[in-house]
Amino acid sequence: MSTQPAAVRDTGESGQLHRGALSLTGAVMQGVTHIAPTAGVILILQAEVATIGLATPFAFVIGIVLMLLVGISLAQLARYLPSAGGLYTYISRALDARVGWFGGWMNMLYDPFGTAIDLAALGYVFNAALVANYGVNFPWWATFLIAGVLVTLVIYRGIEITGRTQVILGGLEILILLAVSVQALFSPGPGGVTGAPFNPGNATKGSDLFVAVILAVFTFTGFESTAPLAEETAHPRRTVPRAMLISLGIVGVFVIFCLWAMMIGWGTEHLSSMITYTGNPVFSVAHRLWGPAWVLLLLAIVNSLLSVSIATSTSSTRVMYAMGRNGALPRWFGHIDRRFGTPRNAIIAQTILTAGLGLGLGFIMGPFNEFLMIGVAITVGLALLYILSCLGVVRFFLTEKRRAFNPLLHLVIPLVAAVTVGFVLYHNVVPVPPYPINIALPLAGGWVVVGIVTTVYMVRTGKTGWLDKATRVLDEPAAEPGEAPKTAET
């Protein structure tokens, strides 16, 4: 009987992912860069102020609290179910492998599509900034292609290089925006330094706090991308859940502070002018404070969008690999490059998808409309993944891990998180957004239908060899047919 870990036996290859190559720091930065905090602040401030006005930071305080409930829930599963499958494995093990396949299918709408729209946004933002400030028109698609090549090279060369790159790029983007935010407090606009933005009573009269919180909640998504790196992370049962919560905590404090500081820098007495401003208000504050050196902030958002593209590609290729390894996807996806220890074929597929989707839709509807439309679609997929995972926490700890059951951690928090995400999902699509963003709804709905139909087809035609393997985690021996899987506690 082979003593190789199940993760290696399933591939039929001698290669494997690089075990233990990623440190806690690298895992945290995977979560941080996937959230893309700098891009979030720069791209969302104006829209959020238009939604709720002076109380914008308060909406983000509520948003991070709600997302921490989701993070705490997912961290419970991360302690016991380390796997490159991430949420696909969590749902398969905690609920049912058939539901897990559907979850894996929804993940294919989330991270793989995410790289395409992030690179499209990068091309759009970079071109717009160059045209507005220097009169230089560098095509968005050229930036897309250059950045796409860099992303593929980084994720293909190994998780060690990917981790180091994320630490450098993520650290740089945070330091730049943090520096200009701190200076904004020392050189405030009209209204001075005030804590009024944290008072919900200062919201614009007639505004909808719930809508503002929805925008905030989805600003903090991405922390769960540490889960698919479990097989490459040192001490994953301890490191991955910590990385999830640490990355959420860091980004929560950072985003709320920077939004508040940018409002102070603009001038809290003149926020109405921010709503009608035709440029980017964060860039405007940087111009006032730093003069020509404002270009560092442009570098920061380029870093942020490049980093999130690396993070989404890294996460999505591990899930493709895990699903190919156990037969839930064609086994072609389960091939590992023996030299670099990376999922070669999954990376090839991800690169082709990124180029085809990103450039195709970008030329059809424009890169920013593509970003908005696909962004709404993938939030539907992510919300369903969160809900299924939170429900999985309840079932997992009421059944397989009954002795470890904690009413607060394994019942109250995950149920509250699931209900909250459900409300956010509903209000994200109702009322129907305007064209072209409304295209996202039939896209997401069609994706859900195809996932359900495919799952039913695979089960009814007897193509179920992947079912037992779908629940397997790192270094866990295969269970005999009908035998409940066992998870190591350490």
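This is a predicted model: local features need pLDDT of at least 70, side-chain atom pairs count only at pLDDT 80 or more; totals for chains, interfaces and linings use all residues.
Residues are numbered from 1 along each chain as its sequence is written, and side-chain values use heavy atoms, with hydrogens and water left out.

Secondary-structure elements are DSSP runs numbered from the N terminus (helices, H or I, at least four residues; strands, E, at least two). Helix α15 comprises 32 residues, 367-398. The distance from its first C-alpha to its last is 46 Å, close to the 46 Å expected at 1.5 Å a residue; the expected span is 1.5 Å times one less than the number of residues. Helix α15 is mostly covered, with 24 of its 32 residues buried. Burial is defined by relative accessible area (buried under 20%, exposed over 50%, partly exposed in between; 1.4 Å probe, protein chains only).

Tyr134, Val136, Phe138, Ile146, Leu150, Leu172, Val295, Leu296 and Leu299 form a nonpolar surface patch of about 720 Å². Two or more residues of this patch come from each of α7 (140-156) and α13 (295-325), and α13 gives the most, with three. Isoleucine 146 belongs to helix α7 and is partly exposed, at 49% relative accessibility. Patches consist of residues with over 30% relative accessible area and no salt bridge, like charges being joined within 9 Å and nonpolar side chains (Val, Leu, Ile, Met, Phe, Trp, Tyr) within 5 Å. A salt bridge is a side-chain nitrogen of Lys or Arg within 4 Å of a carboxyl oxygen of Asp or Glu. Accessible areas come from the Shrake-Rupley method with a 1.4 Å probe, and for residues only the protein chains shown count as cover.

Rings of Phe, Tyr and Trp (its six-membered ring) were paired if their centres lie within 6.5 Å, with planes under 30 degrees apart counted as stacked, over 60 as edge-to-face and the rest as tilted. By this rule the count comes to 20 aromatic pairs. In one of them, tryptophan 266 and tyrosine 277 have ring centres 5.3 Å apart and planes at 65°, and the pair is therefore edge-to-face. Because tryptophan 266 lies in helix α10 (residues 236-266) and tyrosine 277 in the loop between α11 (271-276) and α12 (281-290), the pair ties together parts eleven residues apart in sequence. Tryptophan 266 is buried, with a relative accessible area of 16%, whereas tyrosine 277 is partly exposed, at 32%. The rings of phenylalanine 368 and phenylalanine 371 are stacked, because their centres are 6.0 Å apart and their planes at 20°. Both phenylalanines lie in helix α15, three residues apart, about one turn of the helix; phenylalanine 368 is partly exposed, at 29%. Ring pairs also link Trp101, Trp105, Phe113 and Trp447 into a cluster.

The structure holds zero disulfides, a disulfide being a pair of cysteine sulfur atoms within 2.5 Å. Cysteine 258 is buried, at 0% relative accessibility, and cysteine 390 is likewise buried, with a relative accessible area of 0%.

Positive phi values occur at alanine 36, near 60°, and at histidine 235, about 50°; neither residue is a glycine. Alanine 36 lies in the loop between α2 (24-35) and α3 (37-52) and is buried, with a relative accessible area of 8%. Histidine 235 is located in the loop between α9 (209-219) and α10 and is exposed, at 52% relative accessibility.
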